[in-house]
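Good morning, colleagues. Please look at the sequence and the structure on the screen while I go through a selection of local features.

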Amino acid sequence: MRYSTALGVAAAALAALGTRPAAAQSVAPGYLEEISSLATDALVAAALRLAEAHDDWALERLIELTEIPAPPFLEAARGARFAELLVEAGADSVWTDSEGNVIGLRRGRTRERTVGFGGHLDTVFPEGTDVTVRQVGDTLFAPGVGDDSRGLVVVLSALRAMVEAGVRTEDDVVFVGVVGEEGLGDLRGMKHLYREGGLAPSAWIDVDGGGLDRVVSMGLGSVRYRVTFEGPGGHSWGAFGTASPTHALGRAVRHFQDVADTLTRSGPRTSYNVGRVGGGASINAVPSEAWMEVDMRSESPERLSGIEQAFLAAVDRALEEENALRREGPALTVAKDRVGLRPSGAVDPEAPLVQRALATSAHFGVDAELASSSTDSNIPIALGVPAVTIGRGGVSANSHAPDEYWINRDAYVAVQRAILLVVAEARLVGATF
Ligand SMILES: [Zn+2]
């Protein structure tokens with residue numbers, strides 16, 4: 001079948017999201033039957049055909065959305081256009097919440113639950129990045145074109161096809177463009193949706209990452225710090241002996257790695273990265289400031305907390321040592337700001353949403369694996385709400401890099417799969433199976 005041509009490069013797409021596949025997961029036969037019956041329902045079948053027929057429209061929307069810059073915390077312009085497109089696609093009502101999430105409601109018949117279905121509006125790229133899309137054949141080059149403009153387009157395309165085909169569900173479905181998924185956004189959009197008294201959908205289907213071959217049902221946790229050492233600074237000769245923030249910083253990294261290395265050699269996969277360092281004004285000046293940004297991740301909440309404590313202890317030790325070495329002037333101080341916290345967790349592989357996500361892959365002939373990743377689903381997963389992150393389709397590569405590209409190879413299949421999953425989870429009206 002045509003879709004199989006996309007599978008050879010699935011590993012590249014996986015690597016791009018920083019996702020690691022876990023064990024292949026079996027699907028209970030009941031869910032396979034449920035999805036094949038759903039696909040033969042006349043209205044659903046019409047929606048699946050429309051998803052393919054709208055492929056050109058989807059490609060145009062992808063280019064359009066990608067070319068609206070959406071740096072972290074500056075997603076409003078892309079959000080405004082996404083809101084217009086939700087209206088055009090036929091949402092019953094569309095609004096933007098106080099955090100900036102853009103929400104389109106398709107009302108259910110009984111409205112017992114709300115199923116959330118979203119992609120993220122933001123990119124990792126800063127203001128001023130050239131986001132013009134360059135098209136070569138079926139390949140689109142642009143920062144953010146795959147991650148996650150294409151996810152937004154899957155959400156829009158599914159809504160449009162469901163509306164045009166007249167597919168109704170028992171539960172409400174909200175189609176969401178979520179803010180703040182990347183970097184220091186720290187999942188702020190999802191934290192807002194699931195805050196006390198928030199919309200808090202009772203199931204969440206997220207579109208981010210590769211194809212149909214993996215279902216993210218485990219949230220990879222992370223903790224992030226910005227640490228700043230500060231001192232008086234001074235002339236490198238005249239004020240020699242003044243405590244140095246950069247020297248303290250170097251010690252902190254060294255002490256941290258000594259412990260972090262042992263914590264990451266075995267057991268649940270855990271990682272650490274001193275991603276950015278900075279400070280100082282001149283080669284011949286003792287800096288008054290030195291800072292670093294550090295990212296730590298683990299599949300295990302306990303291990304994550306362990307490496308975080310090791311990091312903080314290393315910073316304190318470095319401060320103490322550098323202050324003990326100083327020959328003149330005041331002591332250094334340090335600020336340890338936690339700038340990110342993404343909780344970890346896992347959904348039961350037997351949960352209906354996970355089973356349906358696997359069954360919808362199987363419906364298109366793909367044996368999906370369950371995987372662990374850091375996505376918007378982390379928030380509901382950590383709260384015990386069933387959530388999965390599914391692929392956006394096509395072939396993505398080089399995400400988070402300026403030479404990111406996305407190939408429109410059978411990408412409509414991902415839209416069809418999303419429709420089946422959303423409609424199964426929100427329960428088709430009049431289903432006789
Ligand atoms: Zn993403």
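The buried residues of helix H9 are Leu304, Ile307, Glu308, Ala310, Phe311, Leu312, Ala314, Val315, Ala318, Leu319, Glu322 and Asn323. Buried here means under 20% relative accessible area, exposed means over 50%, and partly exposed lies in between, with a 1.4 Å probe and protein chains only. Helices (H or I, at least four residues) and strands (E, at least two) are DSSP runs, numbered from the N terminus.

Two remarks on the source. This is a predicted model, in which local features need pLDDT of at least 70 and side-chain atom pairs count only at pLDDT 80 or more, whereas totals for chains, interfaces and linings use all residues. Residues are numbered from 1 along each chain as its sequence is written, and side-chain values use heavy atoms, with hydrogens and water left out.

To return to the helix: H9 covers residues 301–325, which is 25 residues, and reaches 37 Å from its first C-alpha to its last, close to the 36 Å expected at 1.5 Å a residue. That expected span is 1.5 Å times one less than the number of residues. Against which elements do the buried residues of H9 pack? They pack against strand S10 (221–230), helix H8 (245–264), strand S12 (270–279), strand S14 (289–298) and strand S15 (333–342). Contact means heavy atoms within 4.5 Å. At the start of H9, a side-chain oxygen of Ser300 comes to within 3.2 Å of the backbone nitrogen of Glu302. A polar contact is a pair of N or O atoms within 3.5 Å; within protein, one must be able to donate a hydrogen and the other to accept it, and residues adjacent in sequence count only if both atoms are side-chain atoms.

Next, the aromatic rings. Searching the whole structure gives 5 aromatic pairs. Rings of Phe, Tyr and Trp (its six-membered ring) pair if their centres lie within 6.5 Å; planes under 30 degrees apart count as stacked, over 60 as edge-to-face and the rest as tilted. The rings of Phe141 and Tyr405 have centres 5.6 Å apart and planes at 50°, so this pair is tilted. The pair links distant parts of the chain, with Phe141 in strand S6 (residues 139–141) and Tyr405 in strand S20 (residues 405–407), 264 residues apart. Phe141 counts as partly exposed, at 25% relative accessibility, and Tyr405 counts as partly exposed, at 25%.

Tyr225 and Phe311 form another tilted pair, 5.6 Å centre to centre with 45° between the planes. Tyr225 belongs to strand S10 and Phe311 to helix H9, 86 residues apart, and the pair links distant parts of the chain. Are these two residues buried or exposed? Both Tyr225 and Phe311 are buried. Tyr225, Phe256, Tyr272 and Phe311 form one aromatic cluster.

I turn now to the metal. The zinc ion is coordinated by His120 (NE2), Asp147 (OD), Asp208 (OD) and Asp208 (OD), at 1.9 to 2.5 Å. Donors are N, O and S atoms within 2.8 Å of the metal (3.2 Å for Na, K and Ca), and water is not among the atoms, so sites may look incomplete. The angles among the 4 donor atoms run from 52 to 144°, and the site is irregular. Four donors count as tetrahedral if all angles lie between 85 and 135 degrees; four count as square planar and six as octahedral if opposite donors are over 155 degrees apart and all others between 65 and 115; anything else is irregular. The donor residues are spaced H-x26-D-x60-D in sequence. His120 in strand S4 (residues 114–120) and Asp147 in helix H6 (residues 145–165) are 27 residues apart, a pair that links distant parts of the chain. His120 and Asp147 are both buried.

Lastly, the backbone. Most residues other than glycine have a negative phi, and most peptide bonds are trans. The peptide bond from Asp147 to Asp148 is cis, with omega near 5°, and Asp148 is found in helix H6. His400, not a glycine, has a positive phi of about 70°. His400 is in the loop between strand S19 (395–397) and S20, and is partly exposed, with a relative accessible area of 43%. Asp410, not a glycine either, has a positive phi of about 50°. Asp410 sits in the loop between S20 and helix H12 (412–426), and is buried, with a relative accessible area of 8%.
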